[in-house]
Amino acid sequence: MSRRKPAPQATPLARRAIASLAARLMAEDGIADYGQAKRKAARNLGLDEGVALPGNEEVETELRAYQSLYQPDEMRERLQLMRQTALEAMEALAQFRPCLTGSVLDGTAGRYSEIELDLFADSAKDVEIFLLSRNLDYAPSEPRRHGPDSPETLLRLDWNGLPLILIVYPLMAERSIHRNPHSGGRNQRARAGAVAALLEEDLS
């Protein structure tokens, strides 16, 4: 049985270049997925396919620096607006125990970012019925991950003019997801109270 060859290591300079370009692609071109941004950056830089890529944390550091340098006012105003809209959506969807996650929570949201809410329900159909009862149009899509703690479905819609994605998990997954904050590919989640506190900090 052949062993898989380890990915060739990038030099520190190449690793920084990948992270920097990936951050610019996320900020300017609307790429939301860290992995996609890193792979495209490596290709654009002419690096060997399969080269070891920088971690998400390295790209996030570069993204914050880029936004602070080139998009400070735009980023600040949009982040505040998206957090306010997220809180309004969370209050409306309170019965599904929403948590804010993604770039709107961690502060890296830019001009192309979506508000991401994790929801927990007996059935994804319950969330869809809720949206339909309020005449809210949505587009379902299949989640990329599959497993016991993976979402049942993703529902994309506009909420007060901003893009919102609802990531609907089975109700039984809530406890394990919060016990292991890295499950589901996310490092942070926040309830409505924590989001309200962030908004107060934004306005202070």
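This is a predicted model: local features need pLDDT of at least 70, side-chain atom pairs count only at pLDDT 80 or more; totals for chains, interfaces and linings use all residues.
Colleague: What is the secondary structure of the protein chain?

Modeller: The chain comes to eight helices and five strands. Along the sequence, these elements follow the pattern α-α-α-α-β-α-β-α-β-β-β-α-α.

Colleague: Why is the pair of Y66 and Y70 called tilted?

Modeller: Three aromatic pairs are counted in total. In the pair formed by Y66 and Y70, the centres are 4.6 Å apart and the planes are at 45°. Stacked requires planes under 30 degrees apart and edge-to-face requires over 60, so the remaining class, tilted, applies. Both tyrosines belong to helix α3 (residues 56-70), where they are four residues apart, about one turn of the helix.

Colleague: What makes the pair of F96 and F130 edge-to-face?

Modeller: The angle between the planes of F96 and F130 is 90°, and the class begins over 60 degrees. Their centres lie 5.7 Å apart, and rings pair if their centres lie within 6.5 Å. F96 and F130 are both buried.

Colleague: Why can the pair of F96 and F130 be said to tie parts of the chain together?

Modeller: F96 is in the loop between α4 (72-92) and β1 (99-101), whereas F130 is in helix α6 (residues 124-133); the pair therefore ties together parts that are 34 residues apart in sequence.

Colleague: Which residues of the largest nonpolar core touch the most other members?

Modeller: That core has 31 residues, and those touching the most other members are L93, L100, I115, L117, V127, L164 and L166. Elements that each supply at least two residues include α4, β2 (115-121) and β5 (162-170). Helix α4 gives the most, with six residues. Beyond its neighbours within four places in sequence, L166 is in contact with residues including L93, L117, V127 and L155. A second, separate core has 17 residues, among them A22, L25, A41 and V59.

Colleague: What share of the residues in the protein chain is buried?

Modeller: Buried residues make up 44% of the 204 residues. The chain exposes about 11,800 Å², of which carbon and sulfur atoms supply 49%. Among contacts with a separation of 6 or more, 62% are between residues 24 or more positions apart.

Terms used. Residues are numbered from 1 along each chain as its sequence is written. Side-chain values use heavy atoms; hydrogens and water are left out. Rings of Phe, Tyr and Trp (its six-membered ring) pair if their centres lie within 6.5 Å; planes under 30 degrees apart count as stacked, over 60 as edge-to-face and the rest as tilted. Buried means under 20% relative accessible area, exposed over 50%, partly exposed in between (1.4 Å probe, protein chains only). Contact means heavy atoms within 4.5 Å. Accessible areas come from the Shrake-Rupley method with a 1.4 Å probe; for residues, only the protein chains shown count as cover. A nonpolar core is a set of buried Ala, Val, Leu, Ile, Met, Phe, Trp, Tyr and Cys residues joined through side-chain atoms within 4.5 Å.
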